[in-house]
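Biologist: Hi! I'm new to this one, could you walk me through it?
Modeller: Happy to, let's look at it together.

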Amino acid sequence: MTPDYWSIFEALDESEVDFVVIGAVAMVLHGSARVTRDLDICYSRERANLGRLATALKPFTPTLRGAPADLPFTLDVATLRAGLNFTLRSSSGDVDLLGEVTGIGAFAAVRRLSVAMRVYDRDVRVLSLDGLERAKRAAGRLKDLADLAEIQEIRRLGKSER
Amino acid sequence: MRSPRRRSESAFTRQDAFDAQGCGHQNIHVYNREMDPIHIQVLEAACALANADWTFRVADVAGALPHLNPGTVRTHVASRCCVNAPPHHASRYRYFRALHRGVYRIEPAVRRRVPSDRGCRASQDVILASLDSGVDRTLLAESIALTPTERIETMRQAARSLDGMRAR
């Protein structure tokens, strides 16, 4: 299922969640022609933001993706504080919440490497091409090298950042 | 002095126990570095932020650990983990030495640099240069001409088409 990005961005924005779009969706927002079926976001671990994030995602009834169906799960501040990265299935598609990004660090560093983009009439922070390159290099998998080639090509073809 | 490693390993042990119960899964990431003792988190942040001469500012460490109370971080740097803290302070971990107001140096015994990615970067560039990336420049150019919203909607349509083809 392809996520309903509009609904998720709207919920996060309405709840004033501090987050940065990372991963494949960030690549697409910069111009990549790839297809992805989940949304990766890096979120601030400040307590107030954890509450806003839990509130924003609650209507989407998130559950742990790949976990046994009977494993109890409630996305709330306590859960978010006890974990760091969560791979979730929700009524609006798969959403991955990351507390930090390999190669960059925690939210503050990720935010410093982000740019503002207008998406669905909302200002959304998106990891910059420099940030994506750093994360891809740190991950170092074969598919990340393919992404690096695409990032270089996007840079050549024109700046999508503003 | 207590070993900084021991408590971290106990956190991993908790994760192992969780996996052993059959609840662990590659998509569930339960281990959280924020569960490490505060002195370990402070030391790791200081190592990551330290200058070439291993000095750092306590304000930077407090800023790098937003989930902790800044006062607690300062107390750890200036008192609990400071070898030359005033005698009436309860100094337990020999991590830092106070140099000036707000500036500390990491003690040689606990210095640990985050590995440099320079060598790795060079080898990645060699691989990139030698591979046919398969990047479709026409498709990329068309995508870049769109707005971010149009890009994401185009991607959703493509995903739906692929799902439809698979269903058939």
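Modeller: One term before we start: two residues are in contact if their C-beta atoms, placed from the backbone, lie within 7 Å. This is a predicted model, where local features need pLDDT of at least 70, side-chain atom pairs count only at pLDDT 80 or more, and totals for chains, interfaces and linings use all residues. Residues are numbered from 1 along each chain as its sequence is written, while chains are lettered from A and ligands numbered from 1 in the order in which they are written.

Biologist: Thanks! How many helices and strands are there in chain B?
Modeller: Chain B has 7 helices and 4 strands. Helices (H or I, at least four residues) and strands (E, at least two) are DSSP runs, numbered from the N terminus. Starting there, the order in chain B is α-β-α-β-α-α-β-β-α-α-α.

Biologist: What share of chain B counts as buried?
Modeller: That is 18% of its 168 residues. Buried means that 20 or more other C-beta atoms lie within 10 Å of a residue's own; with 12 or fewer it is exposed, and in between it is partly exposed, with C-beta atoms placed from the backbone.

Biologist: Which residues of α7(B) are buried?
Modeller: B:P148, B:R151, B:I152, B:M155 and B:R156 are. They lie on the same side of α7(B), because they cover an arc of only 135° around the axis (taken from the directions from the helix axis to the C-beta atoms). An α-helix has 3.6 residues a turn, so residues three or four places apart point the same way.

Biologist: And what's exposed on the other side of α7(B)?
Modeller: There you find B:E150, B:Q157, B:S161, B:G164 and B:M165.

Biologist: What do the buried residues of α7(B) pack against?
Modeller: In chain A they meet α1 (5–14), α2 and β8, and in chain B they meet α6 (137–144).

Biologist: How many residues does each chain bring to the contact between A and B?
Modeller: Chain A gives 40 residues and chain B gives 38. On the chain A side, the largest share, 8 residues, comes from α7(A).

Biologist: New topic: what does β8(A) pair with?
Modeller: β8(A) runs antiparallel to β9 (residues 122–127) of chain A, and 6 bridges join them. Strands pair if DSSP finds at least two bridges between them. A:S114, for one, has A:L127 in β9(A) as its bridge partner. The two strands form a hairpin with 2 residues between them, and A:Y120 in the turn has a positive phi of about 50°.
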